[in-house]
Amino acid sequence: MRFSDWLRPGIKVKRWILLAILGILIIVFAVSEMLWNGYYSVYYKCFYAFLNITGIFLLYIAITEGIRSIIALINKGYLRFSLDSKKIENLMYEKRLLIKGPKIVVIGGGTGLSTMLRGLKYYTSNVTAIVTVADDGGGSGDLREDLGILPPGDIRNCILALADTEPLMEELLQYRFPDGKLKNQSFGNLFLAAMDGISDNFEDAVQKMSSVLAVTGKVLPVTLENMVLKAKLKNGNVITGESAIPEEALKQKSPIDRIFIEPKNARALKEAVTAIMEADAIILGPGSLYTSVIPNLLVKDISSALHKSDAIKIYVSNIMTQPGESDGYTVSDHIKAIFKHGGNNIVDYVICNVAGIDEELRKKYEKDKSTLVALDRKSLEKLNVKVVEANLVKVRKGLIRHDSEKLSSILVETIMDKKLFYDRKKIVEYFYLSERLKQNKKN
């Protein structure tokens, strides 16, 4: 950046330089007057002492705000400030920097949550995934019924997303038996079930599996109690079981009015509550609104901690509506449902997809009664929720998914700009994350 560029309006550096000069002049004037005119009365000395304090205060403001402005210029690319990843590895080791990264708590379940975690782990090691245990379908439901353990499926996916394993190991743990008594059962589920058999409780089993797979961060079940999800439809009927809720809502042609859990007073893990209270950022979703995200909020300790936490709270909106759960829902409808079950003002920002999809794919989804979630900005403004727009669509095997790399970079940028930027203790982390973002965008 040339010297002349510093004189352009909008740089927001000149004002702080001038303020610093003013502060120094006031200090110099006050000190010189006190030294050279010692015969002044006590009132004059108090006045010049006040001038000293004022000068020091102005200098402090100028320095802190000037540094903040320079950091913003570096982050936007106006100033050249580069951190060589190889040099960083030699000097401090990258993992030590990751350990000092922002504390991020993600809350939800399903494939959307694990997809997001794969991207986030490259920016910080302080990731805690709080996962729903209401699943009662598929292989997880079978193990829950046969062995009496909490459903392992969503937890397994989150562990694998955060794990530092060889591709072959991940392929092995995701392998599903095609035939026999173990048909449709995942080896990873069986591994976690076996670990539960040699552990004190399910939480201990999850931690042991995480240790074996060298997981970056933590994966925690939201509760250790046998949580059953129920839904009251608009027609008044009550549906029991997570897997049956969307199916019955479609069958009865009646949308979901409210969901609830049994036991009503299920206790959250203490570690989950602690993680929320210590977090820099809390992320809800992405995932099925009523069967993956909201069930966690029905655990009273979790919703209470969300209200008390000073963290920035972000909801990642789904790209497509889900038949039987969010038919015809806009982004604000998702937020309203979250507020209805977890209480108002537990979302500060919402990450929304604004990219379209091709006509063939749109028709395919419309046959299954699924459409793009519409972004209604005015309704979100009334809810006091700020919008962050991005192109998040990634088509994989004919299915629309969130792009984990784009989503994680948008989340990190939001956390940096809205949280870390104002925390002077995290300047090193801010610079590191900024450099990681630049490298990922280049790649």
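Throughout these legends, a residue is called buried when its relative accessible area is under 20%, exposed when it is over 50%, and partly exposed in between, as computed with a 1.4 Å probe on protein chains only. The model shown is predicted, so that local features need pLDDT of at least 70 and side-chain atom pairs count only at pLDDT 80 or more, whereas totals for chains, interfaces and linings use all residues. Residues are numbered from 1 along each chain as its sequence is written, and side-chain values use heavy atoms, with hydrogens and water left out.

**View 1**
With a relative accessibility of 25%, Ile 61 counts as partly exposed. When residues up to four places away in sequence are not counted, Ile 61 touches Trp 16, Leu 19 and Gly 66, contact meaning heavy atoms within 4.5 Å. Ala 20 is 41 residues from Ile 61 in sequence, and their C-alpha atoms are 8.1 Å apart in space.

**View 2. The open sheet E5-E4-E6.**
Three strands are arranged in the order E5-E4-E6 with antiparallel pairing, two strands being paired if DSSP finds at least two bridges between them. Strand E5 (238-240) and strand E6 (256-262) stand at the edges with a single partner strand each, so one side of each has no neighbour in the sheet. From one strand to the next, the twist averages 25°. Strand E4 (residues 228-233) is joined to E6 by six bridges, and Ala 231 has Ile 259 in E6 as its bridge partner. H13 lies across E4 and E6 and runs at about 50° to E6, where axes are lines fitted to C-alpha atoms, for helices over the stretch in contact, and angles run from 0 to 180 degrees between N-to-C directions.

**View 3. The largest pocket.**
The largest pocket holds about 1000 Å³ of space. Among its 38 lining residues, Gly 110, Thr 111, Ser 288, Gln 322 and Arg 401 are the closest to its centre. Two or more lining residues come from each of helix H5 (110-120), helix H6 (138-147), helix H7 (153-162), helix H13 (289-297) and strand E12 (399-402). On a 1 Å grid over the protein atoms alone, a pocket is an open set of points with protein on both sides within 12 Å along at least five of seven lines, a cavity is a set where a 1.4 Å probe fits but cannot get out, and lining residues have an atom within 4 Å of a point. Of the elements named, H7 is mostly covered, with ten of its ten residues buried.

**View 4. The second largest pocket.**
This pocket has a volume of about 880 Å³ and is lined by 28 residues, with Thr 115, Arg 118, Lys 394, Arg 396 and Ser 404 nearest its centre. H18 gives the largest share of the lining, six residues.

**View 5. The largest cavity.**
One cavity of 30 Å³ or more is found in a search of the whole structure, and the largest cavity has a volume of about 50 Å³. Its lining consists of Ser 317, Asn 318, Ile 319, Val 331, Cys 352, Asn 353 and Val 373.

Terms used:
Points joined across faces, edges and corners; volume = space filled by probe spheres on them. Helix = DSSP H or I, 4+ residues; strand = E, 2+ residues; numbered from the N terminus.
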